[in-house]
Amino acid sequence: MTDHTTLVERRADRVHTKRPLGPNGQVDDHAMIIAPDNFRLTDPFLVLMEDWFSSPGFEWHPHRGIETVTMVLDGVLEHGDSLGHAGALEPGDVQWMTAGRGIIHRELAFHNEHAHTLQLWVNLPAAAKLVETRYQDLRQGAHAVHTEPGVRVQVISGTTGAAIGPALNHHPITGLILDLDPNTKYAQLLPADARAFAYVLDGRAVIGRQTVEQGQVAWSDPVSAAGSGSALTVRTPEGDQRTRIMVFAGRPLGEPVVAGGPFVMNSHAEIEQAFRDYNSGRFGTIPRAARLTTR
């Protein structure tokens, strides 16, 4: 257990607002929450997108070298991959996919109706870039939960209090959804050497002494060395609106990042190899799988 007397108080080092991008050929609407334009400031996180889609959605496409964490906010998300997995995720469900050495998958709105999702790309360390592909479908009812007066914390990954999240990691990541009553103060304990972000889904809060509105994300950089603890304090205003916040944290990898479309590696040579492997069929073949009819 962390000794609260040694905790370092975290501050929000910067706050920015998500950028609406509008519709395109795949989605009805989408927004950029974390942009892939300065990996040094977001390490180990790469990008966070919010998507609303019906048809066509995201048809077959590859990934290598990353993990994707997909949260379903509304609707039903249908998914499938080149390893033969297929299924449907409902509101509150989270899918943690380790692309590792290579996967081809698709993400569609069930029955072409609608899906509203958040997708976070988490970088893998160089030593784990080519690990075996792994899917973890983390259903709403399987999330660990930590409660305090006025506070409910869904623990997807890592630990909060006695609650241990179900996600398995190749690099330790804390992943949480905070639900807070109005006029509530809560301190989230985090490793002091981790970089954290807090994205406000609903409501508003003072996070690390900065006011953060709905649709904004606050960043808190590492505050001390490994082995020590820190606290990110969240305060909600008076009123009748509950506040919901997505909080993720992880120690920066401090490694080179080279992105090539759906592949994220440590060098341009590795990106070129990824395209060669994909084009030569080493990721598997694109399935001719039919759409799901039931979920």
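Visitor: What should I keep in mind about the model itself?
Guide: This is a predicted model, in which local features need pLDDT of at least 70 and side-chain atom pairs count only at pLDDT 80 or more, while totals for chains, interfaces and linings use all residues. Residues are numbered from 1 along each chain as its sequence is written, and side-chain values use heavy atoms, with hydrogens and water left out.

Visitor: How many helices and strands does the protein have?
Guide: Helices (H or I, at least four residues) and strands (E, at least two) are DSSP runs, numbered from the N terminus. Here they come to 2 helices and 27 strands. The radius of gyration is 19 Å, close to the 19 Å that the globule rule gives for 295 residues, so the protein is as compact as a globular protein of that length. That radius is taken over C-alpha atoms, and the rule is 2.2 Å times the number of residues to the power 0.38. Along the principal axes, the C-alpha atoms fill a box of roughly 55 × 40 × 35 Å.

Visitor: What share of the residues is buried?
Guide: Buried means under 20% relative accessible area, exposed over 50%, and partly exposed in between (1.4 Å probe, protein chains only). By that rule, 54% of the 295 residues count as buried. The accessible surface comes to about 13,000 Å², and 51% of it belongs to carbon and sulfur atoms. These areas come from the Shrake-Rupley method with a 1.4 Å probe; for residues, only the protein chains shown count as cover.

Visitor: And how do I read contacts along the chain?
Guide: Contact means heavy atoms within 4.5 Å. Among contacts between residues at least 6 apart in sequence, 74% join residues at least 24 apart.

Visitor: Which residues does A144 touch?
Guide: Leaving aside residues up to four places away in sequence, A144 touches V153, Q154, V155, A163, I164, G165 and P166. A144 lies in strand 14 (residues 144–148) and is buried, with a relative accessible area of 15%.

Visitor: Where does G158 lie?
Guide: G158 is in the loop between strand 15 (151–157) and strand 16 (159–160), and counts as partly exposed at 21% relative accessibility. With the same exclusion of residues up to four places away, G158 touches A163, I164, G165, I173 and T174. From G158 to I173 there are 15 residues in sequence and 6.1 Å in space, C-alpha to C-alpha.

Visitor: How should I look at the faces of a strand?
Guide: In a regular strand the side chains alternate between the two faces of the sheet. Strand 12 (115–123) is mostly covered, with 9 of its 9 residues buried. On one side are A115, T117, Q119, W121 and N123, on the other H116, L118, L120 and V122, and all of these are buried.

Visitor: Which residue is the bridge partner of F45 in strand 12?
Guide: The partner is V122. Two strands pair if DSSP finds at least two bridges between them. Strand 5 (45–53) pairs with strand 12 in the antiparallel sense over 8 bridges. Strand 7 (residues 66–75) also runs antiparallel to strand 12, joined to it by 9 bridges, and there E67 stands opposite V122.

Visitor: What do strand 21 and strand 22 form?
Guide: They form a hairpin with 2 residues between them. Strand 21 (residues 204–207) and strand 22 (residues 210–213) pair in the antiparallel sense over 4 bridges, with A205 opposite V212. In the turn, G208 has a positive phi of about 55°.

Visitor: What should I check in the backbone angles?
Guide: Most residues other than glycine have a negative phi, and most peptide bonds are trans. R209, in the loop between strand 21 and strand 22, has a positive phi of about 75° although it is not a glycine; R209 is partly exposed at 49% relative accessibility. H111, in the loop between strand 11 (103–109) and strand 12, has a positive phi of about 60° and is partly exposed at 43%.

Visitor: Where are cis peptide bonds found?
Guide: One joins D43 and P44, with omega about 15°; P44 is in the loop between helix 1 (39–42) and strand 5. The bond from S55 to P56 is also cis, with omega near 10°, and P56 is in the loop between strand 5 and strand 6 (58–63).
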